[in-house]
Amino acid sequence: MQQPKKIIDMHTHIFTLKYLPVYGAIKSYVPKVPDNTAKAIEKIFLYITRSSFLNNTKQEEYPFFEVEKNELEFDFLLEQDDNTIISTFVDSLHDDLLNVIFSDKYIQKAILEVEDDEVDKQYMNQIQYDEKSEVIKWYLLKRKLKKLLNIVLKGFYFFKWFLFMTKSEKSIYTKLVKRYSNTTKFVFHMLDGYEAFNDTIYTKGNPTYYKIEEQIQRMKKMVELNPNLIGFLPFNPFRDNSLKLIDKYIGFEGFKGVKFYPSFGYKPYDRENISLKVNKSIIELYDFCLNKNIPILTHCTPDGFQSQPYGENNSGKNCNPKYWEELLSIPKYNRLKICLGHAGGVDGWFDEFDETSDEVFIGTTLSNGEVVYPYAKKVYELCVNYPNVYCEVGFLSHIYHENPNKIKNYIKRLTYIFKQEENEDIKDYKFSDKIMFGTDWHILYNHGIQDNYDKKYIEIFNKNEYLKKHIDKFFYKNAEKFLDIKL
Ligand SMILES: [Zn+2]
């Protein structure tokens, strides 16, 4: 099997829960959870999330979560059902931490609101008469905590991912490097969800535990400690000083680009509302990046971590690559350096493919006669039509699909594209010069597909000669061009 000479992973994350608006995420994904309960869950999560000491060699400053001591045990735990995870998790909490948790007023209130069942009532009776009542009280509280977590987290889509992110930055980084030991450089992306999630009486803007500049400074230290990291700074058009912060830190060698995240409720280009403040900020970012030759990586699939995940207002729709096309078709912006993350998503790439038809991607005809195509089609077109548009293949979960036809279709499609490029000169730019390797690790933990993403792609690129000849471009040479670095 041919191996790539080097590997750049274009898409990773090493942030912890203290970098995310936990409350907002819970309220968005499980709207039925009362505000104070969501706040209590946020507090529990933040209490257990560790931080790394970034100024000295000590690994953690918050060694409460005992389960993590054994890495395999932690991974094994994430594979269990939600009930087992919650129960093991609460049982593993250190008494000191439980004391902190049970003295928190939000958590106390939320626990009181959990309905008593027969067993709870029995314990409560015993507490009144038994001399060991302290022990029983403790047991009862833990039991109630488990019930509370079950009520909220059973329906919470990102439960496993969030639990993984209770690790510290260093511990997350160590795990990444250990699991992907053949990777030369890891490009990590930051997210800024401030003001993206719905406000309630409990929050203003949905702040994170670490304020944004502290997040950037902590990530800067991580890069200083680990030169195999390359950072992409978060952009947030709802934040007044977002571009200023980017300007302040982009000069640091370890930060090479900007992460753009339309799933948090804004469009890459919104022609109808161009005079709105948020859209002006976005255009300012493009002017800035164009001037300084800074690459942007944008989330480009309708699925993922959205601030509004449901219904008509699903903010994932903002990721549609058609908006990038509208921007890129303006002459001033057609040389902007953009990487379309996730290559548009699994739809399209893994669907049936008929090599004899002219169409690489198959559309669906709606009842009104309109044909709609998956994002993948537009991603491909933008890559071959514009000089500096790239894409990356992180979180294409179908490479693990149990139906072998899914991956066969994907290989067939890529082969067809690469083969066609050898014979024809119709395309301005070649897709084989634009597609890049990426994983989207650590969100892969949410779906249990965190391991061997690189090996899967090495296998894919060894399937035939057309793919094999592009293996180095796919794994690092295209990324070198995009990032303007030389390994
Ligand atoms: Zn990601």
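Into which domains is the chain divided? The chain is divided into domain 1 (8-18 + 159-483) and domain 2 (31-153), with bounds that come from an automatic or database domain assignment. The model is predicted, so that local features need pLDDT of at least 70 and side-chain atom pairs count only at pLDDT 80 or more, while totals for chains, interfaces and linings use all residues. Residues are numbered from 1 along each chain as its sequence is written, and side-chain values use heavy atoms, with hydrogens and water left out.

The C-alpha centres of the two domains, domain 1 and domain 2, lie 35 Å apart, and the contact takes 30 residues from domain 1 and 34 residues from domain 2, where contact means heavy atoms within 4.5 Å. The size of an interface is often given as the accessible area lost when the parts come together. Between domain 1 and domain 2 the buried area is about 2800 Å², of which carbon and sulfur atoms give 59%; buried area here is the accessible area (1.4 Å probe) that two parts lose on being put together, summed over both.

Helices (H or I, at least four residues) and strands (E, at least two) are DSSP runs, numbered from the N terminus, and axes are lines fitted to C-alpha atoms, for helices over the stretch in contact, with angles that run from 0 to 180 degrees between N-to-C directions. The axes of helix H5 (residues 95-102) and helix H8 (residues 133-153) come within 12 Å and cross at roughly 70 degrees. H5 and H8 are therefore roughly perpendicular to each other, given that angles under 35 degrees count as roughly parallel, over 145 as roughly antiparallel, 65 to 115 as roughly perpendicular and the rest as oblique. Asp95, Leu98, Asn99 and Phe102 of H5 make this contact with Trp138, Leu141, Lys142 and Leu145 of H8. By class, the residues divide into five nonpolar, one polar and two charged, where Ala, Val, Leu, Ile, Met, Phe, Trp, Tyr, Cys and Pro count as nonpolar, Asp, Glu, Lys and Arg as charged, and the others, Gly among them, as polar.

Helix H11 (residues 212-225) packs with helix H12 (residues 242-250) at an angle of about 20 degrees, their axes being 11 Å apart, and the two helices are therefore roughly parallel to each other. On the H11 side Ile212, Glu213, Ile216, Gln217 and Lys220 meet Leu245, Lys248 and Tyr249 in H12, a contact with four nonpolar, one polar and three charged residues.

Helix H14 (residues 321-328) and helix H16 (residues 375-385) pack at about 25 degrees, with axes 9 Å apart, which makes H14 roughly parallel to H16. Pro321, Lys322, Trp324, Glu325 and Leu328 in H14 meet Tyr375, Lys378, Val379 and Leu382 in H16, and this contact has six nonpolar, no polar and three charged residues.

Two backbone details remain. Ala343, in the loop between strand S6 (338-341) and helix H15 (346-349), has phi near 50 degrees, a positive value in a residue other than glycine.
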